[in-house]
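Please consult the sequence and the model alongside the text.

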Amino acid sequence: TSSPSRKLTDLFYTTIPWEKVAETCGGIRIADIGCGNGKYSKYFREICNTRYPFYYTGVDQRTHPDWNLWDSNYATFELASSCDAMSVVREDTNVIITTSALEHFQEDVSFFETVKIFVKKAVHPVLQIHVVPSKVCLWLYGVHGVRQYTPATIHKLFGLFSEEDEKVLYYLGGSNCNKLHFSQITFPLKCRLGDLRYKNTEKYESRLKKAVSKDLKILKGAPSYLAFVINSNSSVNLF
């Protein structure tokens with residue numbers, strides 16, 4: 001019953017060359033900023049599936065009762081605002097992630113300034129992975145967070161980092177996923193018909209698979225979400 005954007009996000013994370021990241025960096029040590037309930041600690045552990053060391057730090061401005069479910073010998077959680085988040089993560093962190101969190105940061109540029117300082121101090125490669133709502137999410141979700149993102153605004157964020165860094169922008173989904181979200185979630189909720197994903201889950205799942213498959217074949221259009229990566233301090237291109 002994941003929304004199209006959430007399903008696209010989870011699929012995108014499986015395409016990251018985790019084994020190559022781990023080999024290049026001597027392991028994977030993730031800082032998940034704006035981690036919410038922390039469920040991605042388990043998900044990243046599963047999809048990384050690497051023989052190298054793995055560690056996860058979840059950071060959020062509010063504590064969540066589910067943190068106790070995920071807390072383990074490879075995962076911990078810290079309480080901090082977005083602007084202070086980098087001060088509570090491990091110094092050997094080599095992967096910084098936000099998943100539909102940047103749109104909630106009142107000062108997203110200030111957050112990236114703290115990441116920039118962290119990257120400059122690091123003596124090891126640092127990979128950033130950020131997944132954000134595109135402009136179409138304004139009519140799909142309504143007022144969600146404080147902003148949506150466009151390729152232009154993301155390229156401005158790219159400009160904060162060194163020209164030598166590897167930077168790649170990805171479009172996730174398109175018109176088919178957007179139409180599915182509107183027909184199954186946005187419109188019925190506005191009309192007080194309930195979320196249709198839960199009324200006929202098998203049908204929704206089948207339609208979601210078809211929508212994702214169709215959008216993968218379309219090179220242009222309005223993306224459901226945007227994802228971008230920044231690979232710093234590394235002599236190896238990962239993407």
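In this predicted model, Thr9 is a residue of helix H1, which covers residues 4-14. Its relative accessibility is 1%, and Thr9 therefore counts as buried. Beyond its neighbours within four places in sequence, Thr9 is in contact with Tyr40, Thr99, Val131, Leu172 and Tyr225.

Strand S1, residues 28-33, is likewise mostly covered, with six of its six residues buried. Ile28, Ile30 and Asp32 point one way from S1, while Arg29, Ala31 and Ile33 point the other way. S1 pairs with two strands named here. With strand S2 (residues 54-60) the pairing is parallel and comprises six bridges; within it, Ile30 has Tyr56 of S2 as its bridge partner. Between S1 and S2 the chain passes through helix H3 (residues 40-48), forming a right-handed β-α-β crossover. With strand S4 (residues 95-99), S1 again pairs in the parallel sense, over three bridges, and Ala31 stands opposite Ile96 of S4.

By class, seven of the residues in the contact of H8 with H9 are nonpolar, four are polar and three are charged.

Key: Residues are numbered from 1 along each chain as its sequence is written. This is a predicted model: local features need pLDDT of at least 70, side-chain atom pairs count only at pLDDT 80 or more; totals for chains, interfaces and linings use all residues. Side-chain values use heavy atoms; hydrogens and water are left out. Ala, Val, Leu, Ile, Met, Phe, Trp, Tyr, Cys and Pro count as nonpolar, Asp, Glu, Lys and Arg as charged, and the others, Gly among them, as polar. Helices (H or I, at least four residues) and strands (E, at least two) are DSSP runs, numbered from the N terminus. Buried means under 20% relative accessible area, exposed over 50%, partly exposed in between (1.4 Å probe, protein chains only). Contact means heavy atoms within 4.5 Å. Two strands pair if DSSP finds at least two bridges between them. A crossover is right-handed if, with the strands pointing away from the viewer, the path from the first strand over the helix to the second runs clockwise.
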